[in-house]
Amino acid sequence: DGLNTAGDFNADGFPDVMMAHTYIPPLPGTRGVYIYSGAPAGVSSFGVGCSIATGRSPTSTTAVPRIGATFEPQLGQPFRLHVSETEPNSSALLMIGASNSTWSGQPLPLELSGFGLPNCQLLVSPDAFFSAKTKPPGVAQGAATLEFLVPLDSALVSLYAQWLVVRPPRVGAAIGLTRGLAITVQN
């Protein structure tokens, strides 16, 4: 029996855990492998992120920023949303919304090519914004975390989140959007 990391087996943006078992009922002597999602309960990803260079070459791209979460979202408890896979000292804007299907009458996802971001989509209604700066070079470079206290409001059921990242011009300006996260508050 053993426990290993399995990478991101189900492509949800969270590292998964693989467990080997030497006995699987009802077949004694058999072996089996179970893979468990590393996503916190109540958190799932959707859509596709993008990254577009805004400098000299309009066709060049950079790494797509990643969104992540720590803890399961519970009423009255802290909940953290992360962005990573970005350049150090980048500006990051966390968008949180009540919907991933419409925003001000517009259907989501909203294609952003008309705003100079081909192959990029707004996946969540940006009802609230929170800004952060990714960490400078060193440990956890190019990453930022924002922590929230989930309100003690039993009417709060679901939220949606997506990060917008602007890379500093000194390293070749780029804009990126993460995939979206669906966050279901656990009671």
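**Exercise 1. Find the partner of E147 in this predicted model, and say where the two residues lie.**

Step 1: Look around the side chain of E147. A salt bridge joins E147 to R80, and their closest N and O atoms are 2.7 Å apart.

Step 2: Check the surroundings. E147 is partly exposed at a relative accessible area of 47%, and R80 is partly exposed too, at 30%.

**Exercise 2. Is R167, the salt-bridge partner of E87, buried or exposed?**

Step 1: Start with the contact. The side chains of E87 and R167 form a salt bridge, 3.9 Å from N to O.

Step 2: Locate the ends. E87 sits in the loop between β7 and β8, while R167 is in strand β15, 80 residues apart.

Step 3: Apply the cut-off. Buried means under 20% relative accessible area. R167 has 14% and therefore counts as buried, whereas E87, at 31%, is partly exposed.

Step 4: Complete the tally. The whole structure holds 2 salt bridges.

**Exercise 3. Which residues touch the most other members of the largest nonpolar core?**

Step 1: Take the 20 residues of this core. F79, L81, L94, A161, W163 and L181 touch the most other members.

Step 2: Trace the strands. Those supplying at least two core residues each include β7 (78–84), β8 (91–97) and β15 (158–167).

Step 3: Zoom in on L94. Its contacts beyond four places in sequence include L81, F130, F148 and W163.

Technical notes
Residues numbered from 1 in each chain as written. Predicted model: local features only at pLDDT ≥ 70, side-chain atom pairs only at ≥ 80, totals over all residues. Heavy atoms only, no water. Core = buried A, V, L, I, M, F, W, Y, C linked by side-chain atoms within 4.5 Å. Buried < 20%, exposed > 50% of the residue type's maximum accessible area, 1.4 Å probe, protein only. Helix = DSSP H or I, 4+ residues; strand = E, 2+ residues; numbered from the N terminus. Contact = heavy atoms within 4.5 Å. Salt bridge = Lys/Arg side-chain N within 4 Å of Asp/Glu carboxyl O.
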